[in-house]
Amino acid sequence: MPSVLMTGANRGLGFGLVKLYAVEGWRVFACCRDPNKAKGLNELAAKSSGKVTVHAVDIENHASIDALALQIKGQPIDVLLNVAGYYGPKIVSEPGGLQKFGESDYADWSRIYKINVMGHMKMCEALIENVAASQHKKIVNISSIVGSIGTIGHGYGGNMYGYRASKAALNAITRGMAEDMKARGIIVVAMHPGWVRTDMGGPGADIDTDTSVKGMKKVIDGLKADDIDKFMTHDGSTLPW
Ligand SMILES: NC(=O)c1ccc[n+]([C@@H]2O[C@H](COP(=O)([O-])OP(=O)(O)OC[C@H]3O[C@@H](n4cnc5c(N)ncnc54)[C@H](OP(=O)(O)O)[C@@H]3O)[C@@H](O)[C@H]2O)c1
């Protein structure tokens, strides 16, 4: 039975991915910050005959990532899906939520980086032996189109400085890890999930969670070694870095 581990598993895209992989018969390690508050996830795990387990991980807290690594030491992870992400304390439509030039709050920047960049990197470093011990050997870091420097000036760009910079940094470290992991046969990619109707994406976003997660899983299932230089999206298209 193939296995997947995802962060941010209690809501939004992470929970959508848990449900999809579980339905398709995968072993799912579902990680979230506070399992006591993850009602839907706990219900799903309880009905899964042990195929879905819930693990407490706050990716800002590296000790909690080390504890997870210890807990699942020796267990293969076919797909490591780093989904957890943080836009900032305000939603886009609130005053200050667009993170415009002149409005930077550097304490927020720091937190955004801790989660979206260092959190993903630490997850990869802590769990690399689990991925190396698996058959599929894939790592997918959920990024965003706003991290694409090549789209700036082509309909996208401006604003969202802290979040945008974090996703561009995530793309850079993902591309770097992909090169470093080549020799071990591990495929590492960054993926844009589409603009999705979650708490982060908001109600006006383009697509629903189902469309995004089904698309992403199809792309992940088909990943090949030479895909590492592509910044992929949920529908199989690519974006400029
Ligand atoms: N939705 C979109 O349109 C869109 C577009 C592009 C990229 N993305 C990316 O897709 C990913 C998922 O986004 P989403 O739309 O599902 O967002 P969401 O609904 O806001 O969910 C965010 C998830 O990240 C978790 N999280 C936040 N900080 C964490 C931390 N320190 N440790 C562990 N988990 C943490 C949250 O857990 P709690 O419940 O505990 O807060 C929650 O599960 C993110 O990386 C986001 O940047 C989303």
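Two residues are in contact here when heavy atoms lie within 4.5 Å. Before you click around, know that this is a predicted model, where local features need pLDDT of at least 70, side-chain atom pairs count only at pLDDT 80 or more, and totals for chains, interfaces and linings use all residues. Residues are numbered from 1 along each chain as its sequence is written, and side-chain values use heavy atoms, with hydrogens and water left out.

**Stop one: two helices.** Select α1 (residues 12–23) and α2 (residues 39–46); helices are DSSP runs of H or I, at least four residues, numbered from the N terminus. Their axes (lines fitted to C-alpha atoms over the stretch in contact) sit 11 Å apart, at an angle of about 10°. Angles run from 0 to 180 degrees between N-to-C directions. The pair is therefore roughly parallel (under 35 degrees).

Now show side chains: F15, V18, K19 and A22 of α1 touch G40, L41 and L44 of α2. That makes 5 nonpolar, 1 polar and 1 charged (Ala, Val, Leu, Ile, Met, Phe, Trp, Tyr, Cys and Pro are nonpolar; Asp, Glu, Lys and Arg charged; the others, Gly among them, polar).

**Stop two: the ligand.** Select what surrounds it: 28 residues, the closest being N10, R11, R33, Y163 and T198 (a heavy atom within 4 Å). They divide into 12 nonpolar, 10 polar and 6 charged.

Zoom in on T198: a side-chain N or O atom is 2.5 Å from a ligand oxygen, a polar contact being a pair of N or O atoms within 3.5 Å. At L13, a backbone N or O atom lies 2.8 Å from an oxygen atom of the ligand.

Technical notes
Angles under 35 degrees count as roughly parallel, over 145 as roughly antiparallel, 65 to 115 as roughly perpendicular and the rest as oblique. A polar contact is a pair of N or O atoms within 3.5 Å; within protein, one must be able to donate a hydrogen and the other to accept it, and residues adjacent in sequence count only if both atoms are side-chain atoms.
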